Amino acid sequence: MDVVVNLDLSDDRTVSQWRELHLEWLHTNVVWEPYDQQQLDNPVDMILNKNGTIVGIWSCDILVGSVGMKPADTLRWEIFKLAVLPDYRGKGIGDKLMEY
């Protein structure tokens, strides 16, 4: 479970789990913004096609955490959509994602 991998967003199951993971976090923390919906509805155009990447950690067949990153400029990256399922929080998954 501790291996960080690039998420295959051509796989509908992966996209569905990624979307549900982030919807849970956004609704629980009441930080919903219209731009969030755009990213969740179309991660390829909104993130990957802008030189970004989305990585995650799986436990068996469950996506338990993920984070997105995209260039802010030539020296810095913007981190966004960092989320971990509630049952997996406090186990270092967020740290592993950020170390990637």
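**Exercise 1.** Which residue forms a salt bridge with arginine 76?

Solution. The model is predicted: local features need pLDDT of at least 70, side-chain atom pairs count only at pLDDT 80 or more, and totals for chains, interfaces and linings use all residues. Residues are numbered from 1 along each chain as its sequence is written, and side-chain values use heavy atoms, with hydrogens and water left out.

Step 1. Apply the rule: a salt bridge is a side-chain nitrogen of Lys or Arg within 4 Å of a carboxyl oxygen of Asp or Glu.
Step 2. The partner is aspartate 73, with the closest N and O atoms 2.6 Å apart.
Step 3. Classify by relative accessible area (buried under 20%, exposed over 50%, partly exposed in between; 1.4 Å probe, protein chains only). Arginine 76 is exposed at 53%, and aspartate 73 is partly exposed at 32%.

**Exercise 2.** Locate the partners of the salt bridge between glutamate 24 and arginine 89.

Solution. Step 1. Their closest N and O atoms are 3.0 Å apart.
Step 2. Helices (H or I, at least four residues) and strands (E, at least two) are DSSP runs, numbered from the N terminus. Glutamate 24 lies in helix 1 (residues 12-29), and arginine 89 in the loop between strand 4 (77-84) and helix 4 (93-99), 65 residues apart.
Step 3. Glutamate 24 is partly exposed at 25%, as is arginine 89 at 36%.

**Exercise 3.** Are lysine 81 and aspartate 36 buried or exposed?

Solution. Step 1. Their side chains form a salt bridge, 2.5 Å from N to O.
Step 2. Lysine 81 is in strand 4 and aspartate 36 in helix 2 (residues 34-41), 45 residues apart.
Step 3. Both are buried.
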